[in-house]
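Subject: Structure handover

Hello,

Here is the structure I promised to pass on. Please open it first, then read my notes below.

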Amino acid sequence: MYLPLHNGSERKYFVKIPIKKLGLFTVSLPLFAFITCVIITLYKDFEKANNTHCKVPNVFPSISASIGNYEPQRSIWRIAIYTHAPLRFFIIYLRWKYYINVISQNCAFVVKLAVFLNILENLSLIGLTHWASSKNYPFHEACFKTFIGSSIFYMFFTCMMLTKYRRRTTLTQLEIYSIKLKWRAFFVNVGSFAFAAYFFLRHNRLCEPYVYSMFGFSEYIVVVSNITFHMTTVYDLRKQYIYLTRKGFLIE
């Protein structure tokens, strides 16, 4: 830690970045890319994206078709994910430091497990982005399953740690709100994934009209709830800043 950051009129840093804004920017990249890709697919590639082996009518394309099968959607999604990935790893590091400060030492293993799952989630997201379902389905499927599993367990362990195993028992209103939002995002994520799995299996078995669209819409909710969960980081790290100084980066 380099102190003081200010010395009279002489400023000791060149750039000051609020962690809150960095976190919002990081989660906004995949969110806006996802929305943009779905809208472009509905407008430009509606028929192809909704065409499945069942040959029944549908209205909502799957996420895999929206982000990986057509241009410019594929490029938009890849640019967003590849840009946000390094920032995401940095946020994971900040969250790890945050867990160490607020979670009881008795849960040190669970903290490490949660951080590992968060890293695995990010790596699998990069993988399912790199391997499109239309060209490398086995790799895309493996990355997708890893992403879903790691993200669900990461959310669960994070909610449990912050609810039951804090060092402090007295919480601020903002901390209470952050935990409630995490739990809600977790339950919505698990529920929407269960619906997605059900509609996917039903579509493949019965080939009913619009069931694949219900699968696609459930996927949308999975993505939005996942992003909402990660967005709560801005409440946990709201008072921290990154400073670019003569000696490098400083986090306070």
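What volume does the largest cavity have? About 40 Å³. Keep in mind that this is a predicted model.

**The cavity**

The count comes to 1 cavity of 30 Å³ or more. Its lining is made up of Ser64, Ile67, Gly68, Trp77, Leu128, Thr129, Trp131, Ala132, Ser133 and His140. By class, 5 of these residues are nonpolar, 5 are polar and none is charged. Helix H3 (63–68) and helix H5 (108–130) each give at least two residues to the lining. H3 has the largest share, with 3 residues.

**The second largest pocket**

The second largest pocket has a volume of about 190 Å³. It is lined by 10 residues, and those closest to its centre are Tyr98, Glu175, Asp236, Leu237 and Arg238. Two elements supply two or more lining residues: helix H4 (73–102) and helix H9 (233–236). The lining divides into 4 nonpolar, 1 polar and 5 charged residues.

**The chain as a whole**

The chain has 9 helices and 5 strands. In sequence order the pattern is β-β-β-α-α-α-α-α-α-α-α-α-β-β. Along the principal axes, the C-alpha atoms fill a box of roughly 70 × 40 × 30 Å. The chain has 252 residues, and 44% of them count as buried. Take the contacts between residues at least 6 apart in sequence: 76% of these join residues at least 24 apart.

**Helix H5**

Does its length fit its residue count, or what span should its 23 residues have? At 1.5 Å a residue they should span 33 Å, and the end C-alpha atoms are 33 Å apart, so the two agree. The buried residues of H5 are Val111, Ala114, Val115, Leu117, Asn118, Glu121, Asn122, Ser124, Leu125, Gly127, Leu128 and Thr129. Two of these, Leu128 and Thr129, also line the cavity. The buried residues of H5 pack against H3, H4, helix H6 (137–164) and H8.

**Cysteines**

How many disulfides does the count give? It comes to 1 disulfide. Cys54 is joined to Cys207, with an S to S distance of 2.0 Å. The pair ties together distant parts of the chain, 153 residues apart. Cys54 sits in the loop between helix H2 (46–49) and H3, and Cys207 in the loop between helix H7 (173–206) and helix H8 (211–231). The torsion about the S-S bond is about -60°, so this disulfide is left-handed.

Cys207 has 27%, so it counts as partly exposed.

Cys107 is buried, at 7% relative accessibility. Cys143 is in no disulfide either; the nearest cysteine sulfur, in Cys37, is 18 Å away. Cys143 is also buried, at 13% relative accessibility.

**The loop between H2 and H3**

Besides Cys54, this loop holds Thr52 and Lys55. Is Thr52 buried or exposed? Thr52 is buried, with a relative accessible area of 11%. Leaving out residues up to four places away in sequence, Thr52 touches His203 and Tyr212. Lys55 is exposed, at 61% relative accessibility.

**Backbone points to check**

Lys55 is not a glycine, yet its phi is positive, at about 60°. Cys207, the disulfide partner of Cys54, has a positive phi too, near 55°. Then look at the peptide bond from Glu71 to Pro72: it is cis, with omega near 5°. Pro72 is in the loop between H3 and H4.

Best wishes

Notes:
Residues numbered from 1 in each chain as written. Predicted model: local features only at pLDDT ≥ 70, side-chain atom pairs only at ≥ 80, totals over all residues. Heavy atoms only, no water. 1 Å grid on protein atoms, 1.4 Å probe; cavity = no way out; pocket = protein on both sides within 12 Å on 5 of 7 lines; lining within 4 Å. Points joined across faces, edges and corners; volume = space filled by probe spheres on them. Helix = DSSP H or I, 4+ residues; strand = E, 2+ residues; numbered from the N terminus. Nonpolar A, V, L, I, M, F, W, Y, C, P; charged D, E, K, R; others polar. Disulfide = S-S within 2.5 Å. Buried < 20%, exposed > 50% of the residue type's maximum accessible area, 1.4 Å probe, protein only. Expected span 1.5 Å × (residues − 1). Contact = heavy atoms within 4.5 Å.
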